[in-house]
Amino acid sequence: RVGVDATLTSIDGLRRLRREVGKQGAEVVLVKENPVDRVWQQQDEQPAAPSSQVFALPVKFAGQSVASKVDHVRKLMAAAPGGAADVLVVAALDEVAWLFNLRGGDIEYNPVFMAYAVVYADAAKGAVLYTNAARLTADAHE
């Protein structure tokens, strides 16, 4: 039996894993609690959450406004092969920083910050940045 934390695995990834593990005569089971998380919490070794400030990168350096970038992403979503996408989840830290013209310092030597974003095809729903808002400087809030 192979234990998998369902919160860290995509549905497609779980299906592939079940198929491959099944070929070996084993089965995949979903664990209710990740044992690594339990040990880590007991050891009090978890690092503190990043706390770098997140600041806006001026358009003169970014090349385009956030609105322009989001509009371009929406156009690509509408033309996606296989049909238009309604929602795009942006999880790569460098892509989030680029899309919102923001920079941070959560990872040494990289101008990124912990966040993810959702871009809706419907412009009325907007593009939403998910991060700790307390870390945003005044210019980043704009």
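A residue counts as exposed when its relative accessible area is over 50%, and as buried when that area is under 20%. In this predicted model, Y109 has a relative accessibility of 78% and is therefore exposed. N101 and R135 fall on the buried side, N101 with a relative accessible area of 4% and R135 with 8%.

- Most residues other than glycine have a negative phi.
- N101 has a positive phi, near 50 degrees, although the residue is not glycine.
- Y109 is also a residue other than glycine with a positive phi, in this case near 70 degrees.

- N101 belongs to the loop that links α5 (93–100) to β5 (102–103).
- This residue is buried because its relative accessible area, 4%, is under 20%.
- Y109 is found in the loop between β5 and β6 (116–120).
- The side of the cut-off on which Y109 falls is exposed, at 78%.

- R135 is part of the loop between β7 (127–130) and α6 (138–141).
- With a relative accessible area of 8%, R135 is buried because the value is under 20%.
- Its side chain reaches the backbone oxygen of S52 at 2.9 Å.
- Leaving aside residues up to four places away in sequence, R135 touches P50, S51, S52, Q53 and V54, and also D106, F113 and M114.

Definitions and conventions: Residues are numbered from 1 along each chain as its sequence is written. This is a predicted model: local features need pLDDT of at least 70, side-chain atom pairs count only at pLDDT 80 or more; totals for chains, interfaces and linings use all residues. Side-chain values use heavy atoms; hydrogens and water are left out. Helices (H or I, at least four residues) and strands (E, at least two) are DSSP runs, numbered from the N terminus. Buried means under 20% relative accessible area, exposed over 50%, partly exposed in between (1.4 Å probe, protein chains only). A polar contact is a pair of N or O atoms within 3.5 Å; within protein, one must be able to donate a hydrogen and the other to accept it, and residues adjacent in sequence count only if both atoms are side-chain atoms. Contact means heavy atoms within 4.5 Å.
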